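Hi everyone, thanks for making time this morning. I'd like to walk you through one structure, so let me put it on the screen.

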Amino acid sequence: MDVSFPDGETVPALGLGTYRMGESSRSREQEIATLQLGLDSGVRVVDTAEMYGDGGAERVVGEALRGGRRDKAFIVTKVLPSNAGRRRLAAACERSLARLSIDRIDLYLLHWRGATPLAETVEAFEQLVQQGRIARWGVSNFDVDDMRELYQLAAGTRCAADQVYYSASRRGVEFDLLPLLRSQRVPLMAYCPFDEGRILSDRTLAAIGRKHGVGSAQVALAWLLAKPGVVAIPKAGTAEHLRENLAATSLKLDAEDFEQIDRHWPPPARKHGLAVV
Ligand SMILES: NC(=O)c1ccc[n+]([C@@H]2O[C@H](COP(=O)([O-])OP(=O)(O)OC[C@H]3O[C@@H](n4cnc5c(N)ncnc54)[C@H](OP(=O)(O)O)[C@@H]3O)[C@@H](O)[C@H]2O)c1
């Protein structure tokens with residue numbers, strides 16, 4: 001399943017997360033090799049942030065892009081709210097570009113809402129687009145109220161994505177945020193698709209997995225990948241985990257599986273606050 005951004009750019013719905021990468025030299029080579037395996041297997045979206053490993057994760061991504069992989073990848077990184085002001089945003093972007101060893105970020109997100117006025121951040125993002133340093137921008141951890149405020153701004157409708165917590169066990173976004181984003185044709189990037197690993201020991205997912213001869217991880221991912229307009233960005237630190245996650249793209253859950261998951265974790269019947277890490 002592919003997902004389209006408002007400007008027509010299309011990416012496969014399964015991407016790669018990088019939280020906790022670039023923190024230790026012992027796992028560095030394995031992290032690089034895992035990301036490279038993902039890119040060589042057809043994954044395009046690599047999600048990182050200046051915050052992860054204090055820039056270390058961006059450096060790992062930069063290493064993984066070597067060997068002609070830049071053109072295959074769709075690089076997403078995030079600016080800290082403390083760097084999202086008029087003066088600081090361009091400098092933060094240059095630092096991320098240098099760590100990633102690329103000359104343009106495909107999607108640059110505001111990591112979460114901070115004290116900087118939204119209008120100022122949006123104006124600075126737009127300047128970076130005009131300067132060719134980023135191809136498009138978006139937000140993260142924005143709930144419906146924040147998105148509505150963004151849409152009040154002239155350039156606010158150029159927001160290309162909202163990255164939020166979304167998994168089979170944390171479905172609050174289905175009540176109002178996902179429908180709003182879909183109405184604007186803006187992809188929802190689902191972070192923590194395994195609920196930070198908690199979902200992997202769930203008995204309902206394990207039972208559905210047994211039926212299909214796969215593990216809980218694939219069921220959790222296949223469930224998300226079946227949602228139109230959703231990009232899932234699980235983090236896999238090993239080739240084994242990555243291969244399992246890639247296999248989820250060919251797993252088709254049936255109506256009975258969806259009903260079983262709905263009984264276990266019902267879709268939201270009222271507004272829930274956004275889940276955050
Ligand atoms: N915008 C934001 O505020 C925000 C917040 C959180 C996360 N994110 C992004 O979303 C990505 C995903 O979230 P996350 O890393 O927090 O959580 P996650 O992807 O839900 O879970 C990651 C955990 O699942 C394990 N795992 C991966 N594949 C597995 C498999 N097939 N079988 C068993 N275990 C498996 C990983 O272990 P191994 O490492 O050992 O493979 C890791 O411990 C992050 O990496 C980051 O890029 C964004």
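Let's start in the sheet: Val 79 sits opposite Leu 110, a residue of strand 6. This is a predicted model, by the way, so please keep that in mind as we go. Val 79 belongs to strand 5, residues 74-79, which runs parallel to strand 6, residues 107-110, and four bridges join the two.

Which way do the residues of strand 7 point? Trp 137 and Val 139 go one way, Gly 138 and Ser 140 go the other way, and all of them are buried. As a reminder, side chains in a regular strand alternate between the two faces of the sheet.

Zooming out, these strands are part of an open sheet of eight, with parallel pairing and the order 3-4-5-6-7-8-9-10. At its edges you'll find strand 3 (16-17) and strand 10 (230-232), each of which pairs on one side only.

And the whole protein? It has 10 helices and 10 strands. Its radius of gyration is 18 Å, close to the 19 Å that the globule rule gives for 277 residues, so it is as compact as a globular protein of that length. Along the principal axes, the C-alpha atoms fill a box of roughly 55 × 45 × 30 Å. Buried residues account for 45% of the 277. If we take contacts between residues at least 6 apart in sequence, 78% of them join residues at least 24 apart.

Next, the inside. The largest nonpolar core has 80 residues, and those touching the most other members are Tyr 108, Ala 190, Ala 220, Val 231 and Ala 232. Which helix gives the most to this core? That would be helix 8, residues 216-225, with eight residues. In general, nonpolar side chains in soluble globular proteins tend to be buried together.

On to the ligand. Of the 26 residues around it, the ones that come nearest are Gly 17, Tyr 19, Tyr 191, Lys 235 and Gly 237. By type, this shell divides into 11 nonpolar, 11 polar and four charged residues. Helix 9, residues 239-247, supplies the largest share, with three residues.

One last stop, out in a loop. Gly 156 lies between helix 5 (144-152) and strand 8 (162-165). Is Gly 156 buried, exposed or partly exposed? It has 16 other C-beta atoms within 10 Å, so it counts as partly exposed. Setting aside neighbours within four places in sequence, Gly 156 is in contact with Val 122, Leu 150 and Tyr 151. Glu 123 is 33 residues away from Gly 156 in sequence, yet their C-alpha atoms are 9.3 Å apart in space.

That's my tour, and I'm happy to go back to any part of it.

Key. Residues numbered from 1 in each chain as written. Predicted model: local features only at pLDDT ≥ 70, side-chain atom pairs only at ≥ 80, totals over all residues. Core = buried A, V, L, I, M, F, W, Y, C linked by C-beta atoms within 7 Å. Buried ≥ 20, exposed ≤ 12 C-beta atoms within 10 Å, placed from the backbone. Near = placed C-beta within 6 Å. Nonpolar A, V, L, I, M, F, W, Y, C, P; charged D, E, K, R; others polar. Rg over C-alpha atoms; globule rule 2.2 N^0.38 Å. Contact = placed C-beta atoms within 7 Å. Pairing = 2+ DSSP bridges.
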